[in-house]
Amino acid sequence: MDGISSRKLTWGICIAGIAIAIISFFFLPEIIPVHFAGDGAADDFGNKIEIFLMPILLLAVTILSGKKSIKYVLMHSKTWLTDGQYNLMIDCVLGIILIAEIFMIYVSFI
């Protein structure tokens, strides 16, 4: 439980997303899908530099979730969360963003 109650996993997910974006940038085509319809088909395209929007979002969530005032509001809104539950919630959000980034990269190559 010590890993969940610390922010190491949170920063690890953030750094992994940044590293994936940097590495894949050199291999992506110039035009990549950036938005997907409900059935998973790409319906909007953009320049490959837009792959860095996901790591920016990862970094923003990671930094903001560590702020004491935001953490207090999220932990004391309707239910009392422990540090481990709060960090697990943030890690799940970051995981969803990371999966979306990987999906964007994957679809760019098919």
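Lys48 is buried, its relative accessible area being 11%, where buried denotes under 20% relative accessible area, exposed over 50% and partly exposed the range in between (1.4 Å probe, protein chains only). The model is predicted, so that local features require pLDDT of at least 70 and side-chain atom pairs count only at pLDDT 80 or more, whereas totals for chains, interfaces and linings use all residues. Residues are numbered from 1 along each chain as its sequence is written, and side-chain values use heavy atoms, with hydrogens and water left out.

Lys48 forms a salt bridge with Glu30, with 3.6 Å between the closest N and O atoms; the term denotes a side-chain nitrogen of Lys or Arg within 4 Å of a carboxyl oxygen of Asp or Glu. Glu30 is located in the loop between helix 2 and strand 1 (31–36), and Lys48 in the loop between strand 2 (42–47) and helix 3 (53–65), so the pair ties together parts 18 residues apart in sequence. The whole structure contains 1 salt bridge by this search.

The chain comprises 5 helices and 2 strands, assigned as DSSP runs (helices H or I, at least four residues; strands E, at least two) and numbered from the N terminus. Their order along the sequence is α-α-β-β-α-α-α. A UniProt record, an unreviewed entry, places the feature "domain: DUF1648" at residues 13–58; such annotations may be inferred rather than shown by experiment.

Of the 110 residues in the chain, 32% are buried. Beyond residues up to four places away in sequence, Leu58 touches Ile13, Cys14, Gly17, Leu94, Ile97, Leu98 and Glu101, contact meaning heavy atoms within 4.5 Å.

At the surface, Ile22, Ile23, Phe26, Phe27 and Phe109 form a nonpolar patch with about 600 Å² of accessible area together. Patch members have over 30% relative accessible area and no salt bridge, with nonpolar side chains (Val, Leu, Ile, Met, Phe, Trp, Tyr) joined within 5 Å and like charges within 9 Å. Ile22, in helix 2 (residues 8–25), is partly exposed at 42% relative accessibility.

Technical notes
Areas by Shrake-Rupley, 256 points an atom, 1.4 Å probe, with all protein chains shown as cover.
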